[in-house]
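Colleague: I am new to reading protein models, and I would like to learn how to look at one feature at a time. Could we go through a few together?

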Amino acid sequence: MTKMRNAAASNDQRETDRQPRPGERERSGPGRDVRRILDVDALRGFALLGILVVNVWYFASGFAFHRVLDPAYDSGLDHGVHTAVALLFEMKFYLLFSFLFGYSFTLQLDSANRHGAAFRPRFLRRLAGLFVLGGIHALLLFQGDILSTYAVLGLVLLAVQRIRPRTALILAGVLIGLVVLFFASLALASVSSVDQAAALTAGQQTTEALAGGPSSVIAEHLRTLPTMVAGTIVLQAPVAFAMFLLGLAAGRRRILADVSSYRRGLRLLQLIGYPIGLAGAMTVVGLGGIATVEGLALTTATGPALAAAYAASMLQLFHTGAGRRVAAALAPGGRMALTNYLGQSLVCVLLFTGVGFGLVGRIAPLGVLAIAAGIFAAQLAVSAYWLRGHRYGPVEWLLRAVTNAERPAWRR
């Protein structure tokens, strides 16, 4: 019975811990399940990279939180790097991560049903664990935490778990539409976006606070947390839940279970998603980015299209010869996504704030991107090494213990 519960309550409810070797062919039966799980893990690893590329700026400079650029870095190259991040990453990858949360919810539910295990109490314990981890993360490391938001939204997802896929798609569209309408109405009412002078002053204050010791960093997190919560309520939470619903609908249709059967649909997502998403992103940059309410409205409307195109491209890539090796490299990072997400914040705190090396405000944008790439590459290597001897990442193991209310196996 213990083994049955353990199998049913895995972090993403994978049906096997075996990972395919690079270049391994797909097979029917268990091999196809391995392929499916690899796709989900690799896609999650890809999303984790994008999240780091966006979040790292909130550690590297106090100005990012106030939605203005650090005036110390004003060269053409600096602006080019920021523009590239805004175009290709900003407000895109948390959508993909949220979609995968909804998709994994269906895997967990299916696994519980197959093994005759009680799903609801375990999932509630899981959400409680996520909420606590998120609170600690927001206080000590990064006030832009998403875990607590996922925990709260998970309760709503649990309540609507029987929703039909078509209804889920409609509701997701309505939620995104309401957010777009909210920010568009602010623009029509000529509501001011960001006061540049005030934001620059606040950005300098935040930079100085982050350069201080642990007490200064925590105090700054507490001071800015209400603003982050407000932004989450009006923007991030409803859009994330819309992506939960899209993921749930995709899980109900088993879209990632056999990607080859949906190649036409994936190509259609690319043909539609890239033009709409990139055109929207370029227009947002021209409007002044997400520092404007117009920019927030447009990026909310078009960001999901680009995120969908990214996912479609990666899924097709994973089923090519070279792409299988890419998937195999990304998958360990995705399997340990929770550990790596928190680990990214910890490393950034140690690098940029006064808790560690105090590099905040001292690294040019291109250098910040290089640091993010280095962190992610190191995480992939460490994750692959760790999973050779352990069934779960350290934080995944802890959350699994809370979820199952028992001590899981530590090593393979």
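Modeller: Gladly, and please keep in mind that this is a predicted model.

Colleague: Where is Leu-338 found, and which residues does Leu-338 touch?

Modeller: Leu-338 is found in helix H13, which covers residues 337-352. Leaving aside residues up to four places away in sequence, Leu-338 touches Leu-130, Leu-133, Leu-147, Val-395, Glu-396 and Leu-399. Sequence and space can also be set side by side: Leu-338 and His-137 are 201 residues apart in sequence, and their C-alpha atoms are 11 Å apart in space.

Colleague: Is Ser-148 buried or exposed, and what does Ser-148 touch?

Modeller: Ser-148 lies in helix H6, and it counts as buried because its relative accessible area is 16%. Again not counting residues up to four places away in sequence, Ser-148 touches Leu-130, Phe-131, Gly-134 and Gly-135. As for separation, Ser-148 and Ala-308 are 160 residues apart in sequence, and 24 Å apart in space from C-alpha to C-alpha.

Colleague: How should I read the packing of two helices?

Modeller: Two packed helices are described by the angle between their axes and by the distance between those axes. Here helix H6 (residues 147-159) packs with helix H9 (residues 214-252) at an angle of about 50°, and their axes are 10 Å apart. That angle is why H6 is called oblique to H9, and the crossing of the two helices is right-handed.

Colleague: Which residues in H6 and H9 meet?

Modeller: On the H6 side they are Thr-149, Tyr-150, Leu-153, Gly-154, Val-156 and Leu-157, and these meet Thr-232, Ala-237, Ala-240, Phe-241, Phe-244 and Leu-248 in H9. Sorted by class, this contact of H6 with H9 has 9 nonpolar and 3 polar residues, and no charged ones.

Colleague: How many aromatic pairs does a search of the whole structure find?

Modeller: The search finds 18 aromatic pairs. One of them joins Phe-46 and Phe-93, which are edge-to-face, with 5.2 Å from centre to centre and 65° between the planes. This pair links distant parts of the chain, as Phe-46 is in helix H2 (residues 30-60) and Phe-93 is in helix H4 (residues 93-115), 47 residues apart. Both Phe-46 and Phe-93 are buried. A further edge-to-face pair is formed by Phe-182 and Phe-183, at 5.1 Å centre to centre and with 75° between the planes. Phe-182 counts as partly exposed because its relative accessibility is 37%, whereas Phe-183, at 6%, counts as buried.

Colleague: Which residues form one aromatic cluster with Phe-46?

Modeller: The cluster is formed by Phe-46 together with Phe-89, Phe-93, Tyr-274 and Tyr-310.

How values were computed:
Residues are numbered from 1 along each chain as its sequence is written. This is a predicted model: local features need pLDDT of at least 70, side-chain atom pairs count only at pLDDT 80 or more; totals for chains, interfaces and linings use all residues. Side-chain values use heavy atoms; hydrogens and water are left out. Rings of Phe, Tyr and Trp (its six-membered ring) pair if their centres lie within 6.5 Å; planes under 30 degrees apart count as stacked, over 60 as edge-to-face and the rest as tilted. Helices (H or I, at least four residues) and strands (E, at least two) are DSSP runs, numbered from the N terminus. Buried means under 20% relative accessible area, exposed over 50%, partly exposed in between (1.4 Å probe, protein chains only). Axes are lines fitted to C-alpha atoms, for helices over the stretch in contact, and angles run from 0 to 180 degrees between N-to-C directions. Angles under 35 degrees count as roughly parallel, over 145 as roughly antiparallel, 65 to 115 as roughly perpendicular and the rest as oblique. A crossing is left-handed if the near helix is turned anticlockwise from the far one by less than a right angle, and right-handed if clockwise. Contact means heavy atoms within 4.5 Å. Ala, Val, Leu, Ile, Met, Phe, Trp, Tyr, Cys and Pro count as nonpolar, Asp, Glu, Lys and Arg as charged, and the others, Gly among them, as polar.
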